[in-house]
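Please look through the sequence and the structure shown here before reading on.

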Amino acid sequence: MTTTVWRTKLNSMRDDMAGRWDDARTYCRREGVVGLGWGGLTGLSRDMTLDEIIDAVRGIDDWMPAGARMIDRLANKMQDGDLVWTRDRGGAYWLGRITGPWFYDDTPKAAEL
């Protein structure tokens with residue numbers, strides 16, 4: 001089995017997150033998740049399939065064009081045991097290991113970030 005190393009920014013691009021960028025990283029580290037960012041999406045739930053989520057992302061005009069491809073690539077290609085790293089704005093590096101399947105986090109705290 002090959003272990004892949006992924007990099008993610010864990011960085012919200014939402015305008016209302018200015019000055020709170022590391023909140024998303026803190027949440028992900030605390031909850032043990034890799035966040036891909038979902039700004040501007042409503043009406044999604046944990047019960048939706050990955051294909052339904054990707055279709056919803058494609059339908060949002062202000063979402064970056066590569067958003068659906070990024071979600072598909074990471075959610076479909078990350079495997080248990082793969083490594084994911086990021087760093088915060090202070091320069092600290094964080095390394096995690098994938099230990100479970102993809103899911104959409106529809107908790108209120110995740111939606112806030």
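Helices and strands are here DSSP runs, at least four residues long for a helix and at least two for a strand, and they are numbered from the N terminus. With these terms in hand, the chain, which is a predicted model, can be read along its sequence as the pattern β-α-α-α-β-β-α. The protein has four helices and three strands. Of its 113 residues, 31% count as buried, and the accessible surface comes to about 7400 Å², with 51% of that surface belonging to carbon and sulfur atoms. Among the contacts between residues at least 6 apart in sequence, 57% join residues that are at least 24 apart.

In soluble globular proteins, nonpolar side chains tend to be buried together. In this model the largest nonpolar core has nine residues in all, namely L44, L50, I53, I54, V57, A68, I71, A75 and Y104. The elements that give two or more residues to this core are α2 and α3, and α2 gives the most, with four residues. There is also a second, separate core of five residues, and L74, M78, V84 and I98 are among them.

One member of the largest core, L44, lies in the loop between α1, which runs over residues 21–31, and α2. Is L44 buried or exposed? L44 counts as buried because its relative accessibility is 13%, and the cut-off for that word is under 20%. When residues up to four places away in sequence are not counted, L44 touches I53, A56, Y104 and D106. For one of these pairs, L44 and A56, the separation is 12 residues in sequence and 8.2 Å in space, taken from C-alpha to C-alpha.

T86 is buried because its relative accessible area is 5%. The side chain of T86 reaches the backbone oxygen of T8 at 2.7 Å. Leaving aside neighbours within four places in sequence, T86 is in contact with T8, K9, L10, R25, A92, Y93 and W94.

T8 has its place in the loop between β1, residues 5–7, and α1, and T8 counts as buried because its relative accessibility is 10%. Apart from residues up to four places away in sequence, T8 touches V34, G35, V84, W85 and T86. A92, for its part, lies in the loop between β2 and β3, the latter covering residues 93–97. A92 counts as partly exposed because its relative accessibility is 30%, and its contacts, leaving aside neighbours within four places in sequence, are with T86 and R87.

The last stop concerns charged side chains. Side chains of opposite charge can pair when their charged atoms come close. How many salt bridges does the structure hold? The structure holds one salt bridge, which R30 forms with E31, the closest N and O atoms being 3.5 Å apart. R30 counts as exposed because its relative accessibility is 51%, whereas E31 is partly exposed because its relative accessible area is 43%.

Conventions
Residues are numbered from 1 along each chain as its sequence is written. This is a predicted model: local features need pLDDT of at least 70, side-chain atom pairs count only at pLDDT 80 or more; totals for chains, interfaces and linings use all residues. Side-chain values use heavy atoms; hydrogens and water are left out. Buried means under 20% relative accessible area, exposed over 50%, partly exposed in between (1.4 Å probe, protein chains only). A polar contact is a pair of N or O atoms within 3.5 Å; within protein, one must be able to donate a hydrogen and the other to accept it, and residues adjacent in sequence count only if both atoms are side-chain atoms. Contact means heavy atoms within 4.5 Å. A nonpolar core is a set of buried Ala, Val, Leu, Ile, Met, Phe, Trp, Tyr and Cys residues joined through side-chain atoms within 4.5 Å. Accessible areas come from the Shrake-Rupley method with a 1.4 Å probe; for residues, only the protein chains shown count as cover. A salt bridge is a side-chain nitrogen of Lys or Arg within 4 Å of a carboxyl oxygen of Asp or Glu.
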